[in-house]
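Please walk through the strands and the aromatic contacts of this model.

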Amino acid sequence: MFDTLSDKLESVFKKLRGQGVMTEDNVKEALREVRLALLEADVNFKVVKDFVERVREKAVGTLVLQSLSPGQQVVKIVHDELVALMGGGEDNSLDLAAKPPVSIMMVGLQGAGKTTSCGKLAKLLKSQRRKPLLVPADVYRPAAIEQLKTLGRQLSIEVFDSHADQKPVDICSKALKYAELSGFDTVIFDTAGRHQIDDYLMDELVHIREAAEPREILFVADAMTGQEAVNVAAGFDERLGITGVVLTKLDGDAKGGAALSIKAVTGKPVKFVGLGEKLDALEVFHADRLVSRILGMGDVLTLIEKAQSTFDTKEAERLQKKLKKSNFDLDDFKAQLQQLKKMGSLESIMGMIPGMGKMMKQMQGAQPSEKELKRIEAIIDSMTRQERANHQMINGSRRLRIAKGSGTSVQEVNQLLKRFTEAQKVVKQLQKLGPKGLMKGMGKGMFPF
């Protein structure tokens with residue numbers, strides 16, 4: 001989403017870093033380009049004006065102008081102000097400190113991803129050892145109730161049994177009583193949306209708020225809608241008093257202005273961001289980490305958290321034993337690919353490593369794609385157990401059979417085997433480094449070669 005903005009800011013910073021001495025004219029010219037970059041990214045005009053003014057006041061100070069590395073100082077100021085703009089340093093965690101069951105009300109326009117976000121949030125809370133109940137209170141959209149029930153089955157999370165002929169307020173009141181009697185500590189209400197704000201919608205949401213007394217009212221905003229999402233959020237806040245924002249579709253290709261503006265305009269913190277369709281693609285929002293990604297500095301902390309959440313200790317220990325015996329085979333290669341896929345898309349993972357996001361763009365077409373990883377798995381699955389254990393026995397006729405079985409070409413099978421042979425060479429080199437070097441190079445079994 002922020003690729004264009006990142007490229008333009010990187011261009012500005014490159015010029016700044018090349019300046020041996022910083023003058024007010026240098027700063028003025030750089031900030032003019034920063035202002036244009038933010039406006040083109042669909043950031044709110046007033047927000048941009050205030051932001052640039054704050055940066056200018058700090059950037060023309062004697063500390064920067066007399067610094068040995070003035071360009072770096074300005075980059076740091078822009079970084080810090082962007083973090084502050086998006087609510088960095090503030091507590092954006094969910095307020096669940098209340099007598100259970102704690103109510104969370106999800107609101108927003110139709111199509112923003114409310115229902116899916118309810119499922120994602122329930123999954124996240126379940127991983128934190130809470131017991132959530134999902135409540136479908138949208139009786140207007142066709143199949144909305146059934147959609148939430150389907151998500152509940154996929155996540156093994158209970159969904160309150162409501163029907164389209166019931167009133168939303170009655171559904172919420174009954175669901176709260178059921179949650180209290182059944183031992184649920186969190187209740188997530190999926191409310192109805194419209195294509196635009198109307199009085200009927202707002203009145204209904206106000207009645208639900210009065211009945212459910214939610215601890216959190218989260219506005220679900222589609223980041224792809226740009227400034228309109230910010231305006232709508234302000235409208236919902238005026239009538240309901242929202243407590244936070246969930247930004248969905250942050251993995252899209254829109255300009256990203258909503259993500260940068262919404263905190264400054266509404267005064268409400270962004271609490272979560274949705275980064276894909278998968279039910280685990282919901283992240284707690286960290287302003288400093290997102291700004292680091294925008295400025296091409298990576299996001300190592302999120303990468304570590306993703307690795308820890310998908311890390312399989314038993315699998316790592318099994319692999320370590322096999323490596324010590326020089327017995328790394330195609331089954332192990334596939335297992336490493338699957339572990340990597342659990343962490344998200346390759347592009348998002350590489351973007352978290354400092355400098356790698358830019359390198360990925362320069363290597364367009366050279367890096368493996370998601371489709372290629374699926375092809376690799378299909379090829380390995382089309383091999384017999386003996387062939388996976390000893391790839392050297394795969395001759396010409398076997399390669400043809402594997403290609404037909406996996407829906408690929410013999411050339412693609414050859415490429416995989418060549419890569420795997422190279423991976424085995426890397427393993428042998430790592431073994432020479434000893435146990436410490438082996439574990440460092442292997443990333444403790446978390447990544448493929």
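The paragraphs below take the strands and then the aromatic rings.

This is a predicted model, in which local features need pLDDT of at least 70 and side-chain atom pairs count only at pLDDT 80 or more, while totals for chains, interfaces and linings use all residues. Residues are numbered from 1 along each chain as its sequence is written, and side-chain values use heavy atoms, with hydrogens and water left out.

Helices (H or I, at least four residues) and strands (E, at least two) are DSSP runs, numbered from the N terminus. V102, I104 and M106 point one way from β1, and S103, M105 and V107 point the other way. Strands pair if DSSP finds at least two bridges between them. β1 pairs in the parallel sense with β3 (residues 186–190) over 5 bridges and with β4 over 4 bridges. M105 has F189 as its bridge partner in β3 and I217 in β4.

The structure holds 3 aromatic pairs (Phe, Tyr or Trp rings, the six-membered one for Trp, with centres within 6.5 Å; planes under 30 degrees apart are stacked, over 60 edge-to-face, the rest tilted). Y178 and F184 form a tilted pair, 6.1 Å centre to centre with 35° between the planes. Y178 is partly exposed at 31%, whereas F184 is buried at 5%. F219 in β4 and F236 in helix α10 tie together parts 17 residues apart in sequence, and both residues are buried.

Methods:
Buried means under 20% relative accessible area, exposed over 50%, partly exposed in between (1.4 Å probe, protein chains only).
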